[in-house]
Amino acid sequence: MPPRARTLLMPLAAATLLVASTIFLFAATGARWRPADTGLPVPAADFSAAVIESAVTDAAAAKEELSFVDENGRPDDPASSSAAAARCDPSHAAVRVFMYDLPPEFHFGLLGWSPPTDGAADAAMWPDVGSGAAAPRYPGGLNQQHSVEYWLTLDLLSSSSPPCGAAVRVADSRDADVVFVPFFASLSYNRHSRVVPPEKVSRDKGLQERLVRYLMAQPEWKRSGGADHVIVAHHPNSLLHARSVLFPAVFVLSDFGRYHPRVASLEKDVIAPYKHMAKTFVNDSAGFDDRPTLLYFRGAIFRKEGGNIRQELHYMLKDEKDVYFAFGSVQDHGASKASQGMHASKFCLNIAGDTPSSNRLFDAIVSHCVPVIISDDIELPYEDALDYSKFSIFVRSSDAVKKGYLMRLIRGVSKHQWTMMWRRLKEVDKHFEYQYPSQKDDAVQMIWQTLARKVPAIRLKSHRSRRFSRYDRGGK
């Protein structure tokens, strides 16, 4: 090695040796380094835990101050992400529903509810049921049997929060499968169908006229011609003045007895159960031998229109052994007496009255009293998913009035056959329960599922209606 190179390397080697010695010395003695001229405190020997805790605290504070964005450029707030995760995803729902924000006079205002006066405009249309507050109460008595609109509306108002049901409300109508019209048509008819002087038009008719004007002006109605709209008119006389105009919509009805075939049909519309008046037979162990009455009927006997068959059957059956056939009404604890009678009976008659259907069928189902259905024009809720022949007996009206026919048929059902139907009734009774919050496969959820099965046909009808819309607008 040249002398000049040796001269340059010697100081470098010395410096390296000095650094190594210092490191070794500190490691061996456990000495702690301290800047000689700063006066800073020496860290404790177990500094690692304190430093880590401080670092975590500082990082958390810094994270709150920083603004992160997600892949879509929106603030990525963990709190809002958690809230979103706790909401029901419309893409997982059986049916996505857009609901009009109609003024309260069309829905809960009919129950005496009024919006808050604190100026909260976003909540002015609806009761705050989503926060766990009690919902406005629906009137009792026979009003309840047609309260379908009330239960569906309540379910939509709370549909964005778990437990998630078949329907989820969406904010944009373009994301919806159907558009729900929250008009309490049955309640409006029951309470306000009579003209009150000095008015010349009933409040019910006035609401229907305003509803028609409102809907005709909405872009959602214009876009589909109303084909994707859902209107509940469960009472046979509800929506009487508007139905002929709003007929393109899907109606939720009790039956088609008072509807022209052009206005309502099974192909287009949905049949919903009445809300039963009888008490559900919970923990029912009253089998065949525990029900002393063979055949039970309690209700109005003398009816107009298609209900004449009730009179004929009354004269034929009133003196039959083990048969109870008598007049009854809701007065004088009539619902309670009917419930007790059905719970003690093997078979319960459901006979056509003024209309093909009645609440009596659903009273029988929740009482686990095998229904005997004598109504040629009856349509049944969710019959595309539920086989009523597994728990009911159907008799043609022409056969029922034949002398001896009905009793021979009923007495011919064996204990085993009856027990099979009774067991099936106990399995399906949940499908006829209206409640809030709604539960899996109850009446509310079953109606939404039925509507979901209508969606492909609704879309087809809506799309076909737009075939020539471009040319009808002048080619624009």
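Analyst: Happy to! Let's begin with the largest nonpolar core, which has 108 residues; Phe-251, Phe-347, Leu-349, Leu-406 and Trp-448 are the members that touch the most others. A nonpolar core here is a set of buried Ala, Val, Leu, Ile, Met, Phe, Trp, Tyr and Cys residues joined through side-chain atoms within 4.5 Å. Buried means under 20% relative accessible area, exposed over 50%, and partly exposed in between, with a 1.4 Å probe and protein chains only. Helix α15 (residues 443–465) gives the most to this core, nine residues. Domain 1 (88–269) and domain 2 (291–430) both supply residues as well, so the core lies between them; the domain bounds come from an automatic or database assignment.

A word on the ground rules: this is a predicted model, where local features need pLDDT of at least 70 and side-chain atom pairs count only at pLDDT 80 or more, while totals for chains, interfaces and linings use all residues. Numbering runs from 1 along each chain as its sequence is written, and side-chain values use heavy atoms, with hydrogens and water left out.

Now zoom in on Leu-406. Setting aside neighbours within four places in sequence, Leu-406 is in contact (heavy atoms within 4.5 Å) with Leu-295, Leu-313, Leu-317, Leu-349, Val-372, Ile-374, Val-395 and Ala-400. Apart from the core described above lies another, of six residues, including Ala-338, Met-342, Ala-364 and Cys-369.

Cys-369 is joined to Cys-348, with an S to S distance of 2.1 Å. The torsion about that S-S bond is about 105°, so the link is right-handed. Cys-348 sits in strand β9 (residues 345–351) and Cys-369 in the loop between α11 (360–366) and β10 (370–374), 21 residues apart. Helices (H or I, at least four residues) and strands (E, at least two) are DSSP runs numbered from the N terminus. Both ends are buried: Cys-348 at 1% relative accessibility and Cys-369 at 0%.

The other disulfide joins Cys-88 to Cys-164, again with S to S 2.1 Å, and is left-handed at -95° about the S-S bond. Cys-88 lies in the loop between α3 (78–85) and β1 (95–99), and Cys-164 in the loop between α4 (148–157) and β2 (167–169), so the pair ties together parts 76 residues apart in sequence. Here Cys-88 is buried at 6%, whereas Cys-164 is partly exposed at 48%.

Methods
A disulfide is a pair of cysteine sulfur atoms within 2.5 Å.
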